[in-house]
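This report describes a protein chain in plain terms. Look at the structure below before reading on.

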Amino acid sequence: MNLIGTWLTDRMDLQLHVYQLKILIRIVKKKYRDFRLQGVLDSTLNCKMYETVRNRLTLEEATASVREGGMQGITMRDSDEDDNDN
């Protein structure tokens, strides 16, 4: 996560291409889910770097949705978050 965070920070003034955004969203979501399934505590998973990456990808997703007209089903909103809302 630190590597992705550093990469995104280095490109703070540049918008991500839609393909880059889709791949990064998939990587971040898969990493989070896999570690959560392995029993890693949420307090460990939700570190400052994860929150920074998640916020940047959410912002980029909103920008891409407006600019490109949609992300074809790829989103930072996770199905696990839906379970927590109930």
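## Exposure and the model

A residue is called buried when its relative accessible area is under 20%, exposed when it is over 50%, and partly exposed in between. Lys 30 has a relative accessibility of 49%, so Lys 30 counts as partly exposed. The structure is a predicted model. Of the 86 residues of the protein, 31% count as buried.

## Overall layout

The protein has five helices and zero strands. Read from the N terminus, its elements run α-α-α-α-α.

The UniProt record, an unreviewed entry, lists residues 1–35 under "domain: MUN". Over residues 1–35 the chain is 77% helix and 0% strand.

Helix H2 covers residues 18–37, and Tyr 19 is found in it. With a relative accessible area of 57%, Tyr 19 is exposed, because the cut-off for exposed is over 50%. Tyr 19 forms a nonpolar patch on the surface together with Ile 23 and Ile 27. The accessible area of these three residues together is about 290 Å².

An α-helix has 3.6 residues a turn, so residues three or four places apart point the same way. Asp 34 is partly exposed, at a relative accessible area of 33%.

Helix H4 takes in residues 48–68, a run of 21 residues. From its first C-alpha to its last, H4 reaches 29 Å, close to the 30 Å expected at 1.5 Å a residue.

Which residues of H4 are buried? They are Tyr 50, Val 53, Arg 54, Arg 56, Leu 57, Glu 60, Glu 61 and Ala 64. Seen down the axis of H4, the buried residues fall within an arc of 165°, so they line one face of the helix. On the other side of H4, Lys 48, Leu 59 and Val 66 are exposed.

Glu 60 is in helix H4. Is Glu 60 buried or exposed? Its relative accessibility is 7%, so Glu 60 counts as buried, the limit being under 20%. The side chain of Glu 60 meets that of Arg 56 in a salt bridge, at 3.1 Å from N to O. Both residues lie in H4, four residues apart, about one turn of the helix. Arg 56 has a relative accessibility of 8% and therefore counts as buried.

Glu 60 can also be placed relative to Gln 15, which is 45 residues away along the chain. The C-alpha atoms of Glu 60 and Gln 15 are separated by 7.1 Å.

## The salt bridges together

How many salt bridges are there, counting a side-chain nitrogen of Lys or Arg within 4 Å of a carboxyl oxygen of Asp or Glu? The count comes to three. Arg 36 is partly exposed, with a relative accessibility of 27%. Asp 42 is partly exposed too, at 35%.

Key
Residues are numbered from 1 along each chain as its sequence is written. This is a predicted model: local features need pLDDT of at least 70, side-chain atom pairs count only at pLDDT 80 or more; totals for chains, interfaces and linings use all residues. Side-chain values use heavy atoms; hydrogens and water are left out. UniProt positions are given in the numbering used here, feature names are shortened, and annotations may be inferred rather than shown by experiment. Helices (H or I, at least four residues) and strands (E, at least two) are DSSP runs, numbered from the N terminus. Patches are made of residues with over 30% relative accessible area and no salt bridge: like charges are joined within 9 Å, nonpolar side chains (Val, Leu, Ile, Met, Phe, Trp, Tyr) within 5 Å. Accessible areas come from the Shrake-Rupley method with a 1.4 Å probe; for residues, only the protein chains shown count as cover. Buried means under 20% relative accessible area, exposed over 50%, partly exposed in between (1.4 Å probe, protein chains only). The expected span of a helix is 1.5 Å times one less than its number of residues. The arc is that of the directions from the helix axis to the C-beta atoms.
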